Amino acid sequence: MDDPVALGLPLSQTEIQVTDDIGALVSVMPPRIRGSLEAIEDVSDLLEIVLDLGRKPEARFLRREAILDDRELTADDIDQVISRLGAFTSDNRAGIPRTLHRISAIRNRTGDIVGLTCRIGRAVIGTIEIIRDLVESGKSPLLLGSPGVGKTTLLRDVARVLADESHKRVIVVDTSNEIAGDGDIPHAGIGRARRMQVPSSTDQHKVMIEAVENHMPEVIVIDEIGTELEAAAARTIAERGVQLVGTAHGNTLTNLMQNPTLSDLIGGIQSVTLSDEEARRRRSQKSVLERKAPPTFQVLVEIKGWHHMMVHHDVAETIDNLLRGRPIAVEERVRGDDNGIETTKHVIAPPKGMRAQELWDPREGEAREWRERPATSSNGRSRTANSRFLPDHWSDEAHEERPPRDPVSIFPFGVSRKRLEDAAKHLSVPAWVTEDLSTADVVLTLKSYYRQRTGPLRLAEQKQIPIFVLRSNAQSQINQSLASIFDLNTRHTTGEVEDLRLAEAAVQETLHTSQPVDLPPANAYIRRLQHELAQKFKLGSRSYGKEPNRWVRIHKP
């Protein structure tokens, strides 16, 4: 069972009511370790009791472990515990009737039980408050989180509230008796909700369909949807107008999108080949990813902690935006010590690995908060790329790594995407392409296109989005544009820094000796910087030779 105390939050600091029935679990333990368990003063952070043949019995708490007896466990000790439990099912789990404790068995090669893990089960009333409005709205919410984060505990409270307070017909499909406990009588933690047990985990999808066909529920509660058959059954239930409340393993929505087994819960992802006209309209490649169908669950809740959740209110819109490389809206909810719920809305850039038109981002990690960049330009409408790279004096401090930069969404119009990608990698900047002008921070286009003022460029000017105009699709032009966008005054690769230092030394030598100095061959981007450096010191410069051996001579004018 997912246990909220595993999150490290002291239960005594909240008004949430907790029931753990520790006495029932202690009563099935071997007599020689009951005393040690009863002597524990505070069991609020007790997670599990481990009984392994030939080893000392052990109690595991949130941040510590304790030996319960100095003598090793024998086969008779294990048998005593087994005799006081219900029958073990095919998934090697058993329980204590009318409690939420879970006992899992470890067997040897011949099928004999040689170890037991006794997990403490707790009913926690009040956890639903942070998402009560979502549950009572009638929409189907999917609770997403890693094991042990509290999904099942929250699901149990959801079933209770919908059955007792909203007076709905609620059916709990309980695969391993984790939601409503062991035995034929459900635990009081689910209130008046009815429970259908599942004889084998492989039959969960059948019981889900049976619940709808035979018992006329208004709400079905499902824990740990994990197979394609269960995902298909969930879609069938949703299409019949029944509200679903379910859980699945995963940290974020993007984890679910990348899971081929469960992606159908959020509509499924498929590859689509666009026509030439549609690809041009979207300004994307012809083969793109799109949502396949309406999502089974309309709302998705990422459980970050017992008191911390991220809510996606419209799953369909969120998936579409992610697949098209657009920022997504998400609501963060945090429950404070006073039980008040603080809500914050964020607009987040698509996470790394899920941007359909991503260029390159040098920073690792999850999705970062999207921040709008001011739409300013040199003339109020557009600006031509202009290099501003050289400080007054070169020094080691000038080349220290700067703090991470905000990502910039670029709408390229007539500009080579491949060269734009190369430029982003070359300059180590977080740039990514968008096909939607409304989400663009800047527009990158060619001089020939800008003269014509076609539709997107006119719209960009109306929206006061900065437009960077390139003379051509040359790599050096695109590099300079990106450098100007990110204001890279001193950000260069090691080779570029060395080339510019040589240029500065040549400038100083020409100033002192009045003799021309030839620089080593360099690419067009570096030569441009060398010319600007010479111009800064009021010196002349000229390029000689042919690519790739073209070089710059600095001289007195």
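Begin by selecting Met-216, which counts as exposed because its relative accessibility is 59%, where exposed means over 50% relative accessible area, buried under 20% and partly exposed in between (1.4 Å probe, protein chains only). Before moving on, note that this is a predicted model, in which local features need pLDDT of at least 70 and side-chain atom pairs count only at pLDDT 80 or more, while totals for chains, interfaces and linings use all residues. Residues are numbered from 1 along each chain as its sequence is written, and side-chain values use heavy atoms, with hydrogens and water left out.

Met-216 sits in the loop between H6 and strand E12 (219–222); here helices (H or I, at least four residues) and strands (E, at least two) are DSSP runs, numbered from the N terminus. The backbone at Met-216 has a phi near 50°, a positive value in a residue other than glycine.

Next, select helix H6 (residues 204–215) together with helix H7 (residues 228–239), whose axes come within 8 Å and cross at roughly 10°. H6 is therefore roughly parallel to H7, on a scale where angles under 35 degrees count as roughly parallel, over 145 as roughly antiparallel, 65 to 115 as roughly perpendicular and the rest as oblique. The axes are lines fitted to C-alpha atoms, for helices over the stretch in contact, and angles run from 0 to 180 degrees between N-to-C directions. To see the contact (heavy atoms within 4.5 Å), show Gln-204, His-205, Met-208, Ile-209 and Val-212 of H6 with Leu-229, Glu-230, Ala-233, Ala-234, Thr-236 and Ile-237 of H7. The residues of this contact between H6 and H7 divide into 7 nonpolar, 3 polar and 1 charged, counting Ala, Val, Leu, Ile, Met, Phe, Trp, Tyr, Cys and Pro as nonpolar, Asp, Glu, Lys and Arg as charged, and the others, Gly among them, as polar.

**Strand E13 and its partners**

From here, select strand E13 (residues 243–249), which is largely enclosed by the rest of the structure, since 6 of its 7 residues are buried. E12 pairs with E13 in the parallel sense over 4 bridges, pairing being assigned if DSSP finds at least two bridges between two strands. Within that pair, Val-221 has Val-245 in E13 as its bridge partner. Strand E9 (residues 141–145) also pairs with E13 in the parallel sense, over 4 bridges, and there Leu-143 stands opposite Thr-247 in E13.

Now turn to the open sheet of 6 strands, which run in the order E4-E3-E2-E7-E6-E5 with antiparallel pairing. Strand E4 (65–67) and strand E5 (93–95) are the edge strands, each pairing on one side only, and neighbouring strands of this sheet are turned by 20° against each other on average, direction ignored. Within the sheet, select strand E2 (residues 46–52) and strand E7 (residues 113–119), which pair in the antiparallel sense over 5 bridges; Leu-51 stands opposite Leu-116 in E7. H3 packs on the sheet, touching E2 and E7, and its direction makes about 55° with that of E7.

Helix H3 (residues 75–83) includes Asp-76, which counts as exposed because its relative accessibility is 54%.

**Helices H11 and H14**

Select helix H11 (residues 417–427) and helix H14 (residues 475–485), whose axes come within 9 Å and cross at roughly 55°. H11 and H14 are therefore oblique to each other. The residues of the contact of H11 with H14 divide into 7 nonpolar, 3 polar and 2 charged.

Continue to Ser-514, in the loop between helix H15 (494–513) and strand E26 (517–518). Ser-514 has a positive phi of about 65° although it is not a glycine, and its relative accessible area of 42% makes it partly exposed.

Finish with strand E27 (residues 540–544) and strand E28 (residues 551–555), which pair in the antiparallel sense over 5 bridges, with Gly-540 having His-555 in E28 as its bridge partner. E27 and E28 form a hairpin with 6 residues between them, and in the turn Gly-545 has a positive phi of about 85°.
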